[in-house]
Amino acid sequence: MNSKFISKYLPVLFITLSSVFSLCNHKTFALEPRFEKKVEKEKQDVNYKFRLPGIVSSYVNRMYVDPDRIKTVEMLKEALSWEERIIPEVLTDFTENTNTETITVDDVSKTYDLSKIHRTKDMVEILQDALTFINARSHLNDPLTTNDIEYTAINGMLTQLDPHSIILPPKEFDEFRIGTTGKFGGLGMVVGSREGILTVISPIDGTPASRSGMKAGDKIVEIDGESTVNMNLTESVGKLRGDPGTMVTLSVLTEKAAQPKLFTLKREIIAIPTVESSLLDNSLGYIKIRNFQDDTSQCLNEHLKRLKVSNNNSKLKGLIIDLRNNSGGLLDQAIEVADKFLEKGVIVVTVGPGGHPREIQEARKLETDEEFYPIVTLVDAGSASGAEIVAGALKENNRAVIVGDRSFGKGSVQQLIELMDGSALKLTIAKYLNPLFTDIQSVGITPDIQLIPVTVAKDNINLFRGITALREEDLKQHLDEHPKGDKPYATVKYFSEAKEKVKPEEHDEGVDEETGDPYKLPDFNKDFHVLFAKKLLLHANTWQRETILQNSSPLVDETTLSEGEKIAQALQKLDVDWSTGTSSGNAKSTASFSTNPSLGRVKAGNKITITVNVKNTGETPLYQVRGISSCKNGLFEKLEFIFGKIDKDVTKSYSTTVEIPKSSLDRQDEVTIKFDELNKNNPADIKLNIITEALPRPLFAYSYQIMDTVKDSSKNNGDGLIQAGEDIDLLVLVKNIGDGVAEKSVVTVKNLSNKDIFIKNGRVETGPVNPGETKEVKLSFVVKETVSSDKFTMDMLISDTIFGTFLSNKLNFPITGGRPKITQTPCVLKINKNHTPLYGGMSFDSPVVSMMGEGALAQSDARNTDWYHVALPNNHSGWVAKKAVIEVNNADFKPGVWEPFIQRIPPTITLSKSLSNILVGSDRLPLSVVIDDDVFVKHAYVMVNNDKVFYKSNKIANPKDQNKLEINTSFPLKDGPNIVTIIARDDQDLVTVKSFIATKGITVAKGS
C-alpha cells in the first residue's frame, strides 16, 4: 500500500491493560480411585535460564520514552509481587528499614539485599536468581508453566512503567497481529459463548459463513467432529480459523431444528470491516471507523466513493465521521485518514525519550484528497490513540467540529518487538502531541460541543454526574501530563429515556459473553449524537470549524431549551420544581437523613432507601437544590438527590433506593452528600454509614460415577469402566456443605486433552441447593472408536452464578482394554468387614460411591469372577469386591437406606471473631482464623487487595493435627476499603475462599 509517510517507528496504538494469568486450581480426593490419585506432572525445567528479563530490560533502557520512570528497585519488587499472586506457595516481604526482600517458597526462604542495586544489570541478576529459586521449589499447577513464571515477572516489572508496556506471550501476540492486520483465514463470523455453547453472534456479509446461510443465534455444536461444549472461546476461534482454501465441517443447531445440520465450508481470507458508511438524508454522509488497521485508509477511500455514487455523483453537503469506541490501531493509518481531509498543516507531533527529538508529520495536498465540506467528528471516552490523532488533527487544523464527550487520553506510542521465543514486547517509546503541541496523554480531546445525557426516573436520576467512564488518567502508573484540556465551546444536556434497571447478567464462571452485533450501525433516527451532528451540518455554510462554531449558537440554544423542557417535565412528574430564581434575603437551610432499614444496616439481596431532608430556615426561596453522594463503594457513589425549589419554612425530601447485590461482601461504608443550590446557598454536607451484611455462602462438595448403561448403545457393557466406543453418563452428586443456599448452581465438564472424547451434554443446572442438601445431575460424553490413548482428562466446574462460589477439579479417566464377562445372577450379599467400599466400577481404581458396614445386606443382580454388581435404591448401583462379601440365603431382603460417599470435600474457614468487630479497623487488622478439612489442610494464605500478606504451610504439622490449621496474624490496612481474602487448600488442591471488606478510617455518623 502506498503511504504518504514512512514513520520512524513501527508503533501500534492500542489500549491494553496488563493482565494477571488466571489459574484454575485442580483437585482430587484422598480416599479415591488409584487412577485418580494425584499424578506427578512432568517436572518443570528446574535448570531453566530466565533470559527474557535481561533482554526486556535492555530494550527498556535503550528505548523507553521516559528514562526517569525506570526505577529498578520498584520494578523488582513488583515483579516478585506478581509471582506471589499466581503461585500459592510464594510469599514476598520487603523490609523497608533494612532494604531487603525475602522470598519464601512454602517453608524455605531466601533474602536479597536491594541496597546493592545500582544499575539495571544488578536488578536483573537478583530477579533471575529469585525466579530460579521459585521455579526449583514451587509446585506448579496446570496450566501454569515455567514460561508463565517468566512472563508474569516481566509484566510485573513493566507495570511500574505505564499501563501499556507489556509482554505478549506467543498466542496473545498472534491474536494481536490479527487485530492490527484485520485479515486472517477463516469463515467470517463473530461468535460468543452462550451457556457453554458456541453461538453465532453475527455472520459478516460476503463471507463463507454468510453465503452458507448461517444466522445469528445458530449454535455450533461440533467443529470437524469435535464437540464445542464448554470449549474455551479462544480455542474455538482457533479451530474455526485456518489456512485459506482448507475445509472445515460444522455441525450447527438452528433455532427451530430438532437435529444439527452439517455445513462444510472453505476458509477464505477474511477482512474484518474497519469502515462502514451510509448516505443520510439531505446529501449528508456518515462514516464509521472502528479501528485503524492495515487497510483502513484504502477502505475509507472506497466508502467515500460509494457515498458520492449514492448521492448521484454529487458533492456531499457534509460528513459525520464517527470515532466513538475506536480504540486505535496503526499510527500510519490514522495519519493517512486525517490527511485525507487536509491539504496542509501538522497532523501529529511525535516526541521521543527525554522529550526529543520531535518528528512532525504534515499533511500534503494530493489529487485524491477529499473535497472541502463541513465535517462533524463524534468522539467519546472510548475514542483513543489513533482516533484521538485524527480528531485532534481535524480540530486544530480548523477542519472539523468535534462533538460528544472527552476522549480516552492515550497519547503514547508503543513499538512491538518480537522476542526469541515468539512472544513480543510492547514498549512505550514515544508520546504524540496535537498539531498545536497540545497534550493528548491523560488529557484527551475535548469536544467543541459536549453532549451530556440526562436521565430522570425514580431511583435513576442523572442530572449532573454525566457519563462515568474509564480513561487513561484512571489507569495505574499512567504517564501523567499536568495540563487540563481546554473547555468545550458549548455544552448541551439532552434528555435520554431512562432504561429500566436490570440485574447483571448471570452467566457461567469464565464464560465470555458478547453484548451483541459489533458491526451494527447506530439507529440514525434515535442516536442523539448523529441527530445533533446532522442539524449542525445543515446549519453550516462553510467547512471551517471556527465559523461553524460561531454560527452554532442558535442551534445550541434551541437544543438546550427543548431538551431542558423535556428534563423539567420529567422532573415535574417526580414532584420536583426545577424553576430558576434569585435569592433576595437571608438564606439558611438544614439537612438531615434517614435510612430504611434503620441505622443504615442492610442485608445483601435487599434494598436500602436513603431519604435526605432539606429544610429552608431562611427568608428567601432556594432554587434547584440538589445533593450528590460520594463513597468508595460504587453502589453509593454519585447518587443524586434532587429537591428543586424549596420555599421559606418548607421541608422537602428526596429518597433513592439502592438494591444490594446478593453477592455483596460484609462491609461498612461512609457516604458523604454534598449540596448545591443555584445561588450558592448550599446546605451543609452530611455523612452517613451503610453497613452491608453478606449472605451466607454455599460451599460445594461432590462425588461422581461412570455409568456405561445407556440402553441404545451396543458398545456399553455396564461394568462402570470406560472402553472405546462407549456412550457414557457421568453421574455427579453435588452437596452443599456451606451455610447459604446455592440459588443457581451449574455443573459443567470440559474436555481438556482428547478430541476423540465427544461431550454431548456438558452443562446442567442443579436448581437451588439448600445447606446440607444433595442434588444429582447427569452429564454425558462419547468415547469414539478411534481413540488411541489409554486415558483422557476433563475439567469439572461446579459454580453458583449468584455468589461466584465455585469448585474446580481436574479428572483423569483411564480407558480400559478388555470387556469382562458379566453373568446375570441375582443373590443377597452380606458385608463381612466394616467400612467396605462400594465402587462405581469393576476396579479398585474406580471412585468410591458408598461405604458399607459390617453385617449389612445388599442385593446383587450380576457378577463376574471377582466382583458383584449391587443394586441400590433410585436406580443407583455399584460394585463390591467378591472377597469383601459372602452370599446368604435371605428371601425377605429389603433394600436399606443408601448413603452416598462424598469423595471431594474442600476445607472450611471459620473466623474466630465476629465480622462486626473487624469491618472497621485502625492501622492494623488482627485476624484469627481456623481452617478444618476432612483429611489434611495443605496451606492457607491471606490477600489484602492484590498483596499477599500471610502464608502458612501445614506440612510439618503432627499427623494427628494436619486436618486443622490456625491463622493468628495482623497486617496493615490502607486508607478506605480493603478487600481481605482468605484462601485455604487441602492436600488434593481443593480450594475454599472467604472474603470481606475491612475499612480504615470511618467516621461514625448518626441517623435513623
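In this predicted model, the largest nonpolar core holds 81 residues, and those that touch the most other members are I103, L319, L323, F341 and I347. L323 is a handy place to look at the packing in detail. A separate core of 34 residues lies apart from the largest one, with V454, F636, I686 and L688 among its members.

Helix α4 (residues 146-159) is next. From first C-alpha to last, its 14 residues reach 20 Å, close to the 20 Å expected at 1.5 Å a residue. Helix α4 is also mostly covered, with 13 of the 14 residues buried.

Then there is a pair of packed helices. Such a pair is described by the angle between the axes and the distance between them. For α11 (residues 528-539) and α13 (residues 553-573), the axes come within 11 Å and cross at roughly 145°. The crossing of α11 past α13 is right-handed. On the α11 side, the contact is made by F528, F532, K535, L536 and H539, while α13 brings L555, V556, T559 and E563. Sorted by class, this contact between α11 and α13 comes out as five nonpolar, two polar and two charged residues. As for spacing along a helix, an α-helix has 3.6 residues a turn, so residues three or four places apart point the same way.

Terms used:
Residues are numbered from 1 along each chain as its sequence is written. This is a predicted model: local features need pLDDT of at least 70, side-chain atom pairs count only at pLDDT 80 or more; totals for chains, interfaces and linings use all residues. Side-chain values use heavy atoms; hydrogens and water are left out. Helices (H or I, at least four residues) and strands (E, at least two) are DSSP runs, numbered from the N terminus. The expected span of a helix is 1.5 Å times one less than its number of residues. Buried means under 20% relative accessible area, exposed over 50%, partly exposed in between (1.4 Å probe, protein chains only). Axes are lines fitted to C-alpha atoms, for helices over the stretch in contact, and angles run from 0 to 180 degrees between N-to-C directions. A crossing is left-handed if the near helix is turned anticlockwise from the far one by less than a right angle, and right-handed if clockwise. Contact means heavy atoms within 4.5 Å. Ala, Val, Leu, Ile, Met, Phe, Trp, Tyr, Cys and Pro count as nonpolar, Asp, Glu, Lys and Arg as charged, and the others, Gly among them, as polar. A nonpolar core is a set of buried Ala, Val, Leu, Ile, Met, Phe, Trp, Tyr and Cys residues joined through side-chain atoms within 4.5 Å.
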